[in-house]
Amino acid sequence: METLLNDFSPGLFFMQLIILIILIVLLGKFAWKPILNSLEERETGIEDALQAAENARKEMQNLNADNERLLKEARAERDAMMKEAREISDKLIADAKEDAKEVTTKLIENAQASIQQEKQAALAEIKKSVAELSIGIAESVIKKELSNKKDQLDLVEGILKDVTLN
Amino acid sequence: MAFFSATIFASGIEKKVDNQKDGGQINTNSEVKAYIEHHLKDSHDFALFSYTSDQGERKHVGFPLPVILWTSKGLVTFMSSEFHHNDDGHVVVEKGGLKFAKIHSKIYELDNGAATVSFDETHHATNAHKTLDFSITKSVVGILLAGLLIFLGFSKLAKQYKTRKIPKGISRVLEPLVLYVRDEIAKPNIGEKKYRKFMPFLLTVFFFIWLLNLLGLTPLGFNVTGQIAVTVCLALLTMIIYITNGSKDFWAHTLWMPGVPYILRPVLAVIELVGFIIIKPFSLLVRLFANITAGHFVVMSLIALMITMKEAFGPVASTGMSLVLALFIMVIEILVAFLQAFIFTMLSSLFIGMAVEEHEHH
């Protein structure tokens, strides 16, 4: 202990104290403060960057989910639209078919009616021609009958030959 | 240490001038011990090594340092070369009407009228007294060198952050050390909220002690952290810092411990106060001083094995043994250099943490 006290140099103590305090102040101002500030800045920067990356990842997930949802909706809408279109076309076809049927039946009916009419008219004309012919024949027959029986017969036959039933 | 080993190699030269006790041949155990003790002390010269020339003259290689004294007649300065490397009071320097002599690395002012130093039988000067010695000694040079190196290194690191996020070069090595002190020493002991204020002190002290410990292992032979004055200064600063930053809770717990019978409280207060003001700083300063001094002592003793074991084992075996052992201890000392800096800073921050702690409830 005595040698310890003897070795203690007040001068050295004083020099050390002054130099150390100056060193602490100088280093504090020019080294430690800027260093610690920069380190902290960098650490918060890294932390922020990590946070941002995490946020971006989450956002991306959200976006993906949104996209999927939209896609599903779109698909459903498309399905619905297609279904509707098909229904409409089916209906259109059915309607068209019905209309066509109606029109054809009407046409057929009309045709039948006109045929009937034509037939009636033709029959009537035939009847009339037959009647006129008969009358003509009868007239000629009657005219010739009075002279010769044989001539009468020839006449009828000749007339009949001329008049072909048309 | 280079000085020391160079002297040992030089001991083969037979010529010896006996007018000086230090230097020259060192052959006996007591001479080795005196030599080691001399080199553990602070020195007024910056000696690199010394040798004996062919003319039988002691040559010292190094440079003198300024001696600055506060004497009974005011400030006196001169260069240490005026003592001519004498360390036992035989060379008397006259300056400013006063006479000075250097005895065992201490400068004494001779009493009025005395021309030479006279000694009593225990080799204490009887007609001289110590002066206040503010000399730029070898330790002060070491402190300045370490301060300069630390300042250059870390201000460069600080500057690098202005232009880049990640430093390069030597600063890349320094950055993790700063982070280590912050994250492993300051934050866990002082706490996230309050550590910032104490970082300049802790970082400075950590790098100061570490660098000086390492410089002490170089052949320059500094023994700064083995100077009790230096460790006292460091420990005292720690104490001042934790005493002046003590929280209300800290003082309440120290001076009037709650939850203890009233009669015991003053006793506890005395014990706590003594603990904080004397025992804790004392443990800090002695631990650092003793570890570094012991390290230097062991390394130098192992080198000295070369001489002390020469007779028993022969020169080759003793030199080899000394080399291997000294190398081994040197490696351990490099670890100790870091460890002591770490422990000092760790305990400082622990004590500061105790003082600034605030309790949630009692």
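Modeller: Happy to! Buried residues make up 38% of the 362 residues in chain B; a residue is called buried if 20 or more other C-beta atoms, placed from the backbone, lie within 10 Å of its own, exposed if 12 or fewer, and partly exposed in between. Please keep in mind that this is a predicted model, in which local features need pLDDT of at least 70 and side-chain atom pairs count only at pLDDT 80 or more, while totals for chains, interfaces and linings use all residues. Residues are numbered from 1 along each chain as its sequence is written, and chains are lettered from A and ligands numbered from 1 in the order in which they are written.

Chain B has 10 helices and 9 strands, where helices (H or I, at least four residues) and strands (E, at least two) are DSSP runs numbered from the N terminus. Its C-alpha trace spans about 80 × 55 × 50 Å along the principal axes. An automatic or database domain assignment divides chain B into domain 1 (66-135) and domain 2 (139-356). Taken over C-alpha atoms, the centres of these two domains are 33 Å apart.

Let us start with the sheets. Two strands count as paired if DSSP finds at least two bridges between them. One open sheet of chain B has 3 strands in the order S4-S3-S9, with antiparallel pairing. Strand S4 (74-79) and strand S9 (132-133) of chain B stand at its edges with a single partner strand each, so one side of each is left without a neighbour in the sheet. S3(B), residues 66-71, pairs with S9(B) over 2 bridges, and Leu69(B) stands opposite Asp133(B) there.

Another open sheet has 4 strands in the order S5-S6-S7-S8 of chain B, again with antiparallel pairing. Here the edges are strand S5 (88-95) and strand S8 (128-130) of chain B; each has a single partner strand, so one side of each lacks a neighbour in the sheet. Neighbouring strands of this sheet are turned by 35° against each other on average, direction ignored, using axes that are lines fitted to C-alpha atoms. S6(B), residues 98-103, and S7(B), residues 106-110, pair over 4 bridges; one bridge joins Ile103(B) to Lys106(B).

Now to the cores. A nonpolar core is a set of buried Ala, Val, Leu, Ile, Met, Phe, Trp, Tyr and Cys residues joined through C-beta atoms within 7 Å. The largest one has 63 residues, and Leu202(B), Phe206(B) and Ile209(B) have the most contacts inside it. Among the elements giving two or more residues to this core are helix H2 (10-145) of chain A and, from chain B, helix H4 (170-190), helix H5 (195-217) and helix H10 (315-356). H5(B) gives the largest share, 15 residues. Residues are in contact if their C-beta atoms, placed from the backbone, lie within 7 Å. Leaving aside residues up to four places away in sequence, Leu202(B) touches Val181(B), Ile185(B), Ala186(B), Thr345(B), Ser348(B) and Ser349(B). A second, separate core of 13 residues includes Val67(B), Phe100(B), Tyr108(B) and Ala125(B).

Finally, there is the contact between the chains, which takes 28 residues from chain A and 33 residues from chain B. On the side of chain A that touches chain B, H2(A) supplies the largest share, 24 residues.

Note on methods. Two residues are in contact if their C-beta atoms, placed from the backbone, lie within 7 Å. Axes are lines fitted to C-alpha atoms, for helices over the stretch in contact, and angles run from 0 to 180 degrees between N-to-C directions.
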